[in-house]
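Good morning, and thank you for coming. Please look at the sequence and the structure while I speak about its charged pairs and one of its helices.

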Amino acid sequence: MTEKADRELADSVLEVTISANRKIIDELIGDESMYEALMEIMEPKIKQREDAKIAEERKKGIQITVKSLKDFGVGKEDIRKTIIKNYGLSERDVDAYL
């Protein structure tokens with residue numbers, strides 16, 4: 001088997017286990033020490049989701065800024081400088097938005 005297949009099988013088993021034992025899991029979540037243990041296990045995944053959301057919101061913010069500056073007739077070089085200054089992007093990264 002591949003690592004991907006193994007992970008999919010493990011995820012399936014976990015999903016079935018959680019569904020079958022939802023009441024027990026709800027009780028365990030209510031236990032403060034179990035809650036802390038579950039949060040510790042899930043923390044990397046939660047952080048990954050939060051980081052992805054932040055990155056997406058940042059991207060939208062940059063796109064809105066670029067569009068607004070263009071709408072006001074600001075030149076490309078001034079937009080470039082503004083984006084680099086306000087968002088800390090590199091020259092190469094700014095090009096993706098222009």
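A salt bridge is a side-chain nitrogen of Lys or Arg within 4 Å of a carboxyl oxygen of Asp or Glu. By that rule, a search of the whole structure finds 6 salt bridges. Please note that this is a predicted model, in which local features need pLDDT of at least 70, side-chain atom pairs count only at pLDDT 80 or more, and totals for chains, interfaces and linings use all residues. Residues are numbered from 1 along each chain as its sequence is written, and side-chain values use heavy atoms, without hydrogens and water.

Let us turn to helix α4, residues 76–87; helices here are DSSP runs of H or I with at least four residues, numbered from the N terminus.

At 10% relative accessibility, R80 counts as buried. R80 forms a salt bridge with E77, with the closest N and O atoms 3.3 Å apart. R80 also meets D95 in a salt bridge at 2.7 Å, N to O. Since R80 lies in helix α4 and D95 in helix α5, this pair ties together parts that are 15 residues apart in sequence. Through shared partners, salt bridges join E77, R80, E91 and D95 into one network.

Key:
Helix = DSSP H or I, 4+ residues; strand = E, 2+ residues; numbered from the N terminus. Expected span 1.5 Å × (residues − 1). Buried < 20%, exposed > 50% of the residue type's maximum accessible area, 1.4 Å probe, protein only.
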